[in-house]
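Welcome to a guided tour, one stop at a time.

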Amino acid sequence: MSNGHPGNSPGNSPGNADKFALLQQVERLANVGGWYWDIVADDWIFSDNCLHLLGSPALPLTFAEFLANVHPDDQSGMQDAYDKAAADCHDFTIEFRMVHRTTAEERHIRSCGRVVTNSEGNATGLYCSAQDITEQMRVDTSSRENEVRFQAVFNQHYQFLAILSPDGRVLEINEFALKSQGHKREDYVGHLFWESPAWRSLPEWQDLVRERIAQAQTMHKPLLVEDVYRIADGTTRSADAAYTAIRDNSGQVVYVLAQANDTTQRKLTEEALSDNQRKLETLLGNLPGVAYRIKNDARWTVEFISDASFALTGYQPKDLVDNAVISWADLIHPEDRQMVWDTVQDQLQSHQVFELSYRIIGADRQIKWVWEKGRAIYDKDGQIEALEGFINDITENKQIRELLAVSELRFKELFDNSPVPLWEEDFGELFEYLAVLRQDGVENFRAYFDNHPSEVAKCAQKIHVLNVNQETLRLHKARSQDELLGNLEKVFTAKSLDIFKEEVIALASGRSVFESEGEVQTLDGEPRQVFLKLTIDKRQPDSARGLLATMDITDRKEIEAQLRQSQKMESVGRLAGGVAHDYNNALSVIIGFTELALVDIKSTDPMYEDLNKVLSAAERAAAITRQLLAYARKQPITPRVLDLNANVASMLKMLPRLIGEDIDLVWCPAGNLESVRIDPTQVDQILANLCVNARDAIDGVGKITIETQNVVFDLAYCAEHPGFTPGEFVMLAISDDGCGMEQELLSNVFEPFFTTKGVDKGTGLGLATVFGIVKQNLGFINVYSEPDEGTTFKIYLPQHEGEDVRPLKNAPAPVKPSRGETVLLVEDELAIMNLVRMILEKQGYCVLSTDRPEEALRIADTHDGKIHLLVTDVIMPKMNGRELQERMQPLYPDMKTLFMSGYTANVIVRHGVLDEGVNFIPKPFSPDGLARAVRQALED
């Protein structure tokens, strides 16, 4: 020790000389010093390391000289603490800032003092320690910023910890505090701290605790005090406590952290020690770790170790000294022993201080991480006499770092590899701007943005993109993050701002989660529909970080639109089919009786021309019903395998008459074209409708091109081209060089009754009919068009395998005459029944007729003779035609059947295609057509 009287060390007896020498070495390694104030003589004694620590010269130093190096703001507080301790005979702990005399660096010092009293209880001396806590304070500051994130560590901390609101209400308390006091969480949380069980029965302490909480909020450093409190079993205990104000970025106090270490046992122990022992234990007890002196041998034999070894290792000092129970080498984790030995020896060879971290295994077999700093002590011959140093438990800090590293790694992996596009964004500037708007009087943000639309774009500029994952780069077609980092404007469209406005309004109202559907764009300007979810992290006070997840739903939206369109078309199809059924019945009567009348009237009769006009109008109406049925995909058809090139070629003579002489018709057939399976008449309908549609798109002279080709689509191609189906197809394309169409019109071209033509220029069923035929034959159709660039319709029909192509039939042969066969006619429409009976009787058949199926069964049962043919409608009340046939078949096993209908029932038609071997004639029909169908049915 050094003072105004060199060599004078109070209470220093020769027997303790070694201990004090060791103490000075420990002080230097741990950056700890001490001094003694003889109050009676007003004499100050400073240890050598204390002078070194404070930057004072190793010369006699007065308190005034020492105080001059203390930061001006802390001098009065330090002086008051010493004066109060001398006056009240109370121990104390204070912190102050010291300006190092040599380096001029500002350092934070913690000083603990203990008062020495005489037999009358008056203070005669004051022992103080000085510890450089600059680095510790930096660590503490960093730790406070992460307190919320590491709540698990908070609960496992072996120290009383409580987080208080500024008004002193307990917000959180750790598990150690509850276990050590024997109380429950609800006894503290939500209650005022001074009204908790610790002071409920100590009213004199309640006001003091309340005052300390208030005082701590006026300070920018911890308020260090000693507390007395009572635990659940009624025992009164003491503790070193600290009240620390936690502030936000604006300096506003948001929490008060109450910390306490129970000092009851330590005080009892200290009181039992001798005066000199108490001095030594006070200094060593204030060290935040273990001081030691060991031999530089293979077992690191301990010569001395401080009492803190028990908290660190679970072994008492006496268990470690001279390896009585276990050696320090055995405490070191087996995997770290060689590393510790090699590191220390390397540093000793160069006469340097050694510093390292490693693991130890305590008495409870728990592994802890320790940090050690030490140096060699040499004898007069320069040989290593011992190693002296300091060991501190860094397990908690190590675990925090590891947990943080693992957490950050997991987040990064999840973020980068997520299949959902993710954005990490900074909303700080936006929140600040919204706060400014509130200060300016904005209360209704929706009304404000409606009246100031430019402000929405301004808000978008205040959100900064910090990070994006790989899926986000893919969605926006970006090559690197740099193309997206910054603000969001580069991926916004005009529609994006509408949704963004709702997002800003939600954030302004205090919501932390926002979900919606919206539109964004790729870097090359392609719009994409997305579902977005924004989450603002509110776990940290005043957090401004947000995580935005966006899911590309463009394809889903297109599929939904296609589904809605399909449902609409299906509904219209059902309506069209129903209308066509009833309409065909009426047309059958009109056409049939008109043709019969024409047979009986001379061509010179004035009525003859009128009847021809009626017949022509009826046939045009029948053509419309066929289009309706084709659109509804319920047109009765007879598909067969054919060569599409041959069928198109057979239409080439007729098509010029449909399109006119001013339009050039070009035919480009593909070689080796695969066959398809379709009704030939439907091919004619497709060609006629599309060529007429192309003709109407051409103003004056133009060209229509018809092409065929074999095509194959794989899954990858279809995935990128909505509407396409994978497989092998035959393509039929009809192109024109007409006016073309806007993109908005293309989505409606196949809807029934939709037309861009003038009044009386078309029914709007032509393209709908083509669409129905293609779908009925399991194909698909696409249209390509641009204004003034013409239009191309491409029809894809499945290629057929296995059956040879049948040649086209020649013109029908004359109807064979009747052989007097008996026909049973069943038709619930009386007009049609009478018409059919008249036609068949003129052909020479014996006709039995009825309008009711049950009456037909009675006729069949009572008829004397054969019934060669049953001619029946498909849909009738109480019993359909199929059921009637099945019930009559046992009576007349050789009886043939001819079905007729204006609408095909599922009993004979599946998916719009007749069952093989079923005879069917659709309504309306001509007398010749009926006679031919009856003859064919009888001869099958």
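## Start with the salt bridges

The structure holds 39 salt bridges, where a salt bridge is a side-chain nitrogen of Lys or Arg within 4 Å of a carboxyl oxygen of Asp or Glu. Side chains of opposite charge can pair when their charged atoms come close.

Before you click on, please note that this is a predicted model, in which local features need pLDDT of at least 70 and side-chain atom pairs count only at pLDDT 80 or more, while totals for chains, interfaces and linings use all residues. Residues are numbered from 1 along each chain as its sequence is written, and side-chain values use heavy atoms, with hydrogens and water left out.

## Stop 1: helix α4 and strand β4

Select Arg97 and Asp73. Their salt bridge has its closest N and O atoms 3.9 Å apart. This pair links distant parts of the chain, with Arg97 in strand β4 (residues 92-99) and Asp73 in helix α4 (residues 72-88), 24 residues apart. Helices (H or I, at least four residues) and strands (E, at least two) are DSSP runs, numbered from the N terminus.

Is Asp73 buried or exposed? Asp73 counts as exposed because its relative accessibility is 58%. Here buried means under 20% relative accessible area, exposed means over 50%, and partly exposed is in between (1.4 Å probe, protein chains only).

Now select Asp74, which also lies in helix α4. With 9% relative accessibility, Asp74 counts as buried. Which residues is Asp74 in contact with, leaving aside its neighbours within four places in sequence? They are Phe96, Arg97 and Lys221, where contact means heavy atoms within 4.5 Å.

Move on to Cys89, in the loop between α4 and β4. Cys89 has a phi near 60 degrees, a positive value in a residue other than glycine. Most residues other than glycine have a negative phi, and most peptide bonds are trans. Cys89 counts as partly exposed, at 26% relative accessibility.

## Stop 2: around strand β14

Select Glu335 and Arg359, whose side chains meet in a salt bridge (3.1 Å, N to O). Glu335 lies in the loop between α13 (328-331) and α14 (337-349) and Arg359 in strand β14 (residues 354-361), so this pair ties together parts that are 24 residues apart in sequence. Colour the two partners separately: Glu335 counts as exposed at 61% relative accessibility, whereas Arg359 counts as buried at 18%.

Where is His351? Look in the loop between α14 and β14. His351 is not a glycine, yet its phi is positive, at about 55 degrees. Its relative accessibility is 57%, so His351 counts as exposed.

## Stop 3

Select Arg479 and Glu483, a salt bridge with the closest N and O atoms 3.3 Å apart. Arg479 is exposed, with a relative accessible area of 77%, and Glu483 is partly exposed, with 24%.

Then select Lys477, Asp524, Glu526, Arg528 and Asp552 together. These residues are linked in a network of salt bridges.

## Stop 4: helix α21

Find Leu587 in helix α21 (residues 554-600). Leu587 counts as buried, at 3% relative accessibility. Now draw a line from Leu587 to Leu615: the two are 28 residues apart in sequence and 9.6 Å apart in space, C-alpha to C-alpha.

## Stop 5

Asn919 has its place in the loop between β35 (913-914) and β36 (920-922). Asn919 counts as buried, with 16% relative accessibility. Leaving aside its neighbours within four places in sequence, Asn919 is in contact with Thr897, Leu898, Phe899, Ala937 and Asp940.

## Last stop: zoom out

Show the whole protein chain, which has 32 helices and 36 strands. Of its 940 residues, 46% count as buried. Among contacts between residues at least 6 apart in sequence, 60% join residues at least 24 apart. How about the surface? The accessible surface of the protein chain comes to about 47500 Å², of which 51% belongs to carbon and sulfur atoms. Accessible areas come from the Shrake-Rupley method with a 1.4 Å probe, and for residues, only the protein chains shown count as cover.
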